[in-house]
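Okay, everyone, thanks for coming. Let me put the model up, and then I'll talk you through a few spots in it.

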Amino acid sequence: MSDKKIFGFPKNVFAAGLVSLFMDISSEMIYPILPIFLTTVLGASKSTIGIIEGIAESTASILKIFSGWLSDRLGKRKLLMTIGYGVSVLSRPIMATAGNWTDVLAARFVDRFGKGVRTAPRDAIIADSVENNNLGKAFGFHRSMDTLGAVIGPGIAFFVLAMFMNNFRLVFWLSLIPGIIAVCLIIFFITEKRHVREGAELPKLTFKDFNGDFRHYILVITVFSIGNSSDAFLILRAGSLGIPKEFIPVVYLAFNLIYSISSMPMGILADKIGTRKMVAFSFIFYSAVYAGLAFATGKLHIIALFILYGLFKGMSEGTQRAYLAGIAPPERKATAFGIYHMAVGIALLPASIVAGALWDKIGPEATFLYGTATALLAFVLFGMRKK
């Protein structure tokens with residue numbers, strides 16, 4: 001692998017950032033308008049949206065552990081990364097031609113299937129490309145680029161909806177273009193580091209090779225994720241507090257802008273103060289934001305809370321992965337990321353189903369207070385084991 005650096009980052013880290021930038025432009029052209037499309041065009045209920053998001057994310061997330069394990073076993077991270085991104089691009093035409101909510105479920109499943117294949121190998125490529133004392137910075141940069149795409153994507157969606165009279169399907173078709181660019185970037189710019197085994201035992205799909213710190217961390221992340229329902233419910237909350245549907249992408253854009261701007265500085269700060277401290281603080285911060293969402297009463301409240309939620313994402317997403325990279329065995333790093341992503345994804349099924357049911361049966365306050373409680377429990381559990 002070349003040691004060439006681009007803007008101070010190893011080539012693979014920079015290229016992976018660009019890949020995520022374009023793929024998130026594609027994904028986030030769709031995501032902030034999908035709940036509105038489901039409810040206003042296809043007539044789906046809040047519970048149905050919870051089921052769609054939960055099944056798509058959780059079922060596909062099972063692949064993440066197998067993809068990570070396969071990546072470690074074969075030493076072919078780039079191949080799996082390419083296949084994963086390519087499969088996700090294939091979901092766009094399914095979404096554009098959807099006639100009912102089951103078609104949307106199929107499209108979301110195909111998209112998340114691709115994510116399940118690509119995520120662990122991609123994270124392992126990033127981790128393989130930097131020293132441990134720069135993990136926070138590298139993952140922070142990646143999350144920043146990923147989320148910059150999530151700023152541009154809703155902006156494009158807003159423009160297209162405004163210019164073409166809320167033509168949701170046109171947005172879905174146009175999202176193909178940045179997705180194809182992302183796949184081309186992997187093929188031509190990611191360079192795989194060879195993993196020579198020479199007599200070393202091939203990694204097994206088991207928890208036995210991971211220590212207590214890793215297992216405890218996965219438990220904590222699972223508890224947190226059980227209350228961390230789909231961001232679709234934040235979008236629905238914005239609508240319930242009076243944000244016009246054509247401006248939903250703009251609010252979501254503001255959230256992602258803060259997420260993008262804060263990710264790398266938060267990653268650098270985490271390297272200085274310790275990723276463990278940053279992860280712990282993020283649980284407390286999340287619980288406060290979700291409590292605010294429960295009791296919000298107006299448009300200004302929801303706009304401010306979306307911004308604070310973006311700050312939470314900036315301090316947590318890359319840092320959680322950087323902390324994991326620091327406690328995972330080097331020869332099983334992709335498997336470790338696969339276990340992590342699988343735990344998060346599987347937990348999203350009950351999280352989103354419970355969130356949708358609470359909203360329909362009690363109200364949005366119950367949905368967000370549920371997330372507040374699980375985040376506080378995760379904080380307590382995380383503090384019970386001192387590394």
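This is a predicted model: local features need pLDDT of at least 70, side-chain atom pairs count only at pLDDT 80 or more; totals for chains, interfaces and linings use all residues.

Two packed helices are described by the angle between their axes and the distance between the axes. Take H6, residues 135–163, and H13, residues 299–327: they pack at about 145°, and their axes are 8 Å apart. The crossing there is right-handed. Who's touching whom? On the H6 side you've got Leu135, Gly136, Phe139 and Arg143, and they meet Glu317, Gly318, Arg321, Ala322, Ala325 and Gly326 of H13. Sorted by class, that contact comes out as four nonpolar, three polar and three charged residues.

Next pair: H10, which is residues 232–240, against H15. Here the angle is about 145° and the axes sit 11 Å apart. Which hand does the crossing of H10 and H15 have, left or right? This one is left-handed. H10 brings Phe233, Leu234 and Arg237 to the contact, while H15 brings Pro364, Glu365 and Phe368. By class, we have four nonpolar residues, two charged ones and no polar ones.

The patch is made of Ile284, Leu376, Phe379, Val380 and Met384, and together they have about 440 Å² of accessible area. Which helix gives the most to that patch? That would be H15, residues 364–383, with three residues. Leucine 376, for one, has its place in H15.

Last stop, charges. How many salt bridges does a search of the whole structure find? Nine. One I'd like to show you joins the side chains of arginine 108 and aspartate 111, at 3.4 Å from N to O. Both residues are in helix H5, residues 101–128, and they're three residues apart, about one turn of the helix.

Okay, that's my tour, over to you.

Notes. Residues are numbered from 1 along each chain as its sequence is written. Side-chain values use heavy atoms; hydrogens and water are left out. Axes are lines fitted to C-alpha atoms, for helices over the stretch in contact, and angles run from 0 to 180 degrees between N-to-C directions. Helices (H or I, at least four residues) and strands (E, at least two) are DSSP runs, numbered from the N terminus. A crossing is left-handed if the near helix is turned anticlockwise from the far one by less than a right angle, and right-handed if clockwise. Contact means heavy atoms within 4.5 Å. Ala, Val, Leu, Ile, Met, Phe, Trp, Tyr, Cys and Pro count as nonpolar, Asp, Glu, Lys and Arg as charged, and the others, Gly among them, as polar. Patches are made of residues with over 30% relative accessible area and no salt bridge: like charges are joined within 9 Å, nonpolar side chains (Val, Leu, Ile, Met, Phe, Trp, Tyr) within 5 Å. Accessible areas come from the Shrake-Rupley method with a 1.4 Å probe; for residues, only the protein chains shown count as cover. A salt bridge is a side-chain nitrogen of Lys or Arg within 4 Å of a carboxyl oxygen of Asp or Glu.
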